[in-house]
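Subject: Structure handover

Dear colleague,

I am passing on the structure below, followed by what was found in it. Please have it open beside you as you read.

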Amino acid sequence: MDPEEFRRAGHAVVDWIADYWATLGQRPVTSQDPPGTVAAALPAGPTAHGEPVSALLADLDALVTPRLTHWQHPGFFGYFPANTCGPSVLGDLVSSGLGVQGMLWASAPACTALETVMLDWLAGLLDLPERFRSTGRGGGVIQDSASSATLVATLAALHRASEGRWREGGIDRRYRAYTSTQGHSSIEKAARIAGLGRDGVRTVEVDPQTLAMDPDALRAAIRADLAAGDVPAIVVATIGTTSTTAVDPVPQVGAICAEYGVWLHVDAAYAGAAAVCPELRWSHAGLEYADSYCFDPHKWLLTGFDCDAFWVADSGELVEALTVLPEFLRNAASESGAVVDYRDWQVPLGRRFRALKLWFVLRWYGVEGLRAHVRSHVALADRFAARVRADDRFVLAAPHPFSLVCFRLAASDEASAELLARVNATGRVFLTHTRVAGRYTLRLAIGSPLTTQAHVDEAWELLSAAARELTVR
Ligand SMILES: Cc1ncc(COP(=O)(O)O)c(C=O)c1O
């Protein structure tokens, strides 16, 4: 494909994406086709001499899009959102076109520099503590996901707690991680990858009302482990838990970490984006205690997957934990000590120019544009929650500080599960579920840039009508 062919095909592909977005609301949010449908429709292999892009676009329409769950659909309320938007896609397109590898400063100088500056911009936007800015010992980096951020934080914490020898103590000296019972599964995964074993993570009880970590229970767990000769290495506090968006009391948790010399990682994968709005920054109190912090612009800040923003207060500790220097990567810039080599801040060596999509998004929307995006979703969640609260067929299952509302029927768990199945079967909306205090609970997570009040109202009407059919009360 020469540059002129690329230009023509590229215009067609951009047109195709624009048409997809423009017609998304008319499609069913999910596909009802059984597993195997797509594979059965595809040929056994590629053609001998290639095909035009128009043939690919036709097959996207015929085979692929009808069998997707449409995450950008205005009626998509499942899981947490995975926003994208025009500027993000265009930034990613430029990244693909440049095709550079940002593993070292020397391998792509502007890729590294732009990433450092974008993470400083984001730190300013969220009003994160100064210690995370690149002007001091700290700094930010883009990871693929919050799970990777938790993994590298865990590795750095273990390295610090053991001078890199946490696997040498045998069973007599075990290193421990702590999170609440509501912490994300990636915390256990990180502990297992790091070799702490299945029981390496202590799950700390939560307040039954707020579902936030109980700091007294954390302290008790740390003390018990110390008394047993174990080493508390890392606490992962969550701002916006996956199940219900509970906010752990980071000021108290942080003070305990400081007292016992334990690394504090704060996982704000979804809710971190809320801090672009000054009125929601209460959720980020106590971050000055954190050794590391992350949030996912790919969840609620309009930047397409994958883009996790991860900061450390002391980048030297992270680099010490992760650096390995083979001869073929040696270069004068790295040896001068004057540059950042992001390969030392992550698990893989290679890395894409992901800062471009952030740059496009931040410049296109500006500070107020990003705030308006978050605020509109919080307001829609408030409106939906008010309707749930006002209807005695329903129960609000947890506080809703951001744009997720958790609720269930004031009836059996089976009735709530049936309600979810019925509204999802309409194809107009897609919600997922969780369990809160053991009860089956529906989650309505608002986050698509296309979602308006009309879509949230429609979700409520569908739920209300399905509840009526189920003849609850
Ligand atoms: C609190 C929390 N942490 C971590 C994750 C994992 O995110 P990622 O897919 O970026 O690894 C999630 C995903 O929803 C989450 O809610």
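Between domain 1 and domain 3 there are two residue pairs in polar contact, both at pLDDT 80 or more, where a polar contact is a pair of N or O atoms within 3.5 Å, and, within protein, one must be able to donate a hydrogen and the other to accept it, while residues adjacent in sequence count only if both atoms are side-chain atoms. The number of salt bridges between domain 1 and domain 3 is zero (a side-chain nitrogen of Lys or Arg within 4 Å of a carboxyl oxygen of Asp or Glu).

This is a predicted model, in which local features need pLDDT of at least 70 and side-chain atom pairs count only at pLDDT 80 or more, whereas totals for chains, interfaces and linings use all residues. Residues are numbered from 1 along each chain as its sequence is written, and side-chain values use heavy atoms, with hydrogens and water left out.

The domain assignment, which is automatic or taken from a database, gives domain 1 (3-68), domain 2 (100-352) and domain 3 (360-472). Seven residues of domain 1 are in contact with six residues of domain 3, contact meaning heavy atoms within 4.5 Å. About 460 Å² is buried between domain 1 and domain 3, that is, the accessible area (1.4 Å probe) that two parts lose on being put together, summed over both. In domain 1, Gly25, Val29 and Thr30 lose the most area to domain 3.

Turning to the ligand, 13 residues surround it, and the closest are Ala146, Ser147, Thr242, Asp267 and Asp296 (near means a heavy atom within 4 Å). An oxygen atom of the ligand lies 2.6 Å from an N or O atom in the side chain of Ser147.

Best wishes
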